[in-house]
Amino acid sequence: LIGNILPTSWVSDGAVTANFYTQLLTLHGTVMIFYVIIPLAVGMFGNFCIPLMIGARDMIFPTLNMLSFWFAVLSGILLLASLCTPLGAAAGGWTSYPTLSTLIGSPGVGQTLWLLSLFVFGISSTMGAVNYITTVITLRAPGMDYFKMPLTIWGLWLTSILNAIFVPVLGAGLLLLTFDRVFGTTFFLAGAAATTGKGDPVLFQHVFWIFGHPEVYILILPAWGLVSDLLA
């Protein structure tokens with residue numbers, strides 16, 4: 001029954017097609033990392049715990065906090081909208097290395113929407129990071145110096161510092177890759193794929209992992225702080 005409802009490009013003979021499987025794999029990795037773990041560990045626990053645990057009435061920039069939330073919602077809509085494009089969603093993996101993520105490997109609009117969605121999500125994360133960092137620095141209760149802060153706050157604060165430093169690096173890479181797809185630049189295109197100029201596909205991997213390695217600490221530091229406080 002489900003196979004009869006879904007498009008034939010998604011399901012064939014009762015099983016998902018190879019191309020749609022790759023799209024699902026890409027979206028799964030992207031959603032789990034950027035739209036589940038980060039919003040829960042940093043967004044939800046950060047907004048709930050920071051004011052309570054440092055003795056503040058609210059975040060220092062409530063409007064920026066609201067904008068951060070709605071930018072994340074817009075980012076998720078862009079990501080899911082890629083499923084409705086003629087050639088389907090992004091299929092280059094959650095890292096989307098060139099040349100898989102260029103027009104050669106992913107000719108549809110879906111990959112471009114993936115890039116734009118993560119770029120918008122990066123703006124959301126950066127706004128949230130600025131808010132968290134400033135709140136912890138300026139709104140701590142009288143007498144609470146840095147070494148009296150709960151470990152939960154330390155985890156969220158250090159995560160925010162990492163976000164503010166390294167998320168813009170990923171945003172720059174995503175923007176350049178979008179230029180390659182939309183405007184015909186060759187930042188990450190090499191060889192016969194680069195009709196003009198000469199790019200380097202490996203450059204995107206370097207830019208990605210300048211963000212990607214700190215990302216593991218962005219994901220784990222809030223959990224370490226929470227667990228440390230709970231165990232104590």
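Predicted model: local features only at pLDDT ≥ 70, side-chain atom pairs only at ≥ 80, totals over all residues.

User: Why is threonine 135 called buried?

Analyst: Buried means under 20% relative accessible area. Threonine 135 has 0% relative accessibility, so the label applies.

User: Where in the fold does threonine 135 lie?

Analyst: Threonine 135 is part of helix α4, which spans residues 109-138.

User: What makes the pair of isoleucine 60 and threonine 135 a polar contact?

Analyst: The cut-off is 3.5 Å between N or O atoms, with one able to donate a hydrogen and the other to accept it. The backbone nitrogen of isoleucine 60 is 3.1 Å from a polar atom of the threonine 135 side chain.

User: Which residues is threonine 135 in contact with, leaving aside neighbours within four places in sequence?

Analyst: Ile50, Ile54, Asp58, Met59, Ile60 and Arg140. Contact here requires heavy atoms within 4.5 Å.

User: How much of the chain is buried?

Analyst: Of its 232 residues, 43% are buried. The chain exposes about 11900 Å², with 75% of that supplied by carbon and sulfur atoms.

User: What share of the contacts between residues at least 6 apart joins residues at least 24 apart?

Analyst: The share is 74%.

User: How far apart are the mean positions of the positive and negative charges?

Analyst: They are 10 Å apart, for 5 positive and 7 negative charges.

Key: Residues numbered from 1 in each chain as written. Heavy atoms only, no water. Helix = DSSP H or I, 4+ residues; strand = E, 2+ residues; numbered from the N terminus. Buried < 20%, exposed > 50% of the residue type's maximum accessible area, 1.4 Å probe, protein only. Areas by Shrake-Rupley, 256 points an atom, 1.4 Å probe, with all protein chains shown as cover. Lys, Arg positive; Asp, Glu negative; His and termini not counted. Charge placed at Lys NZ, Arg CZ, Asp CG, Glu CD.
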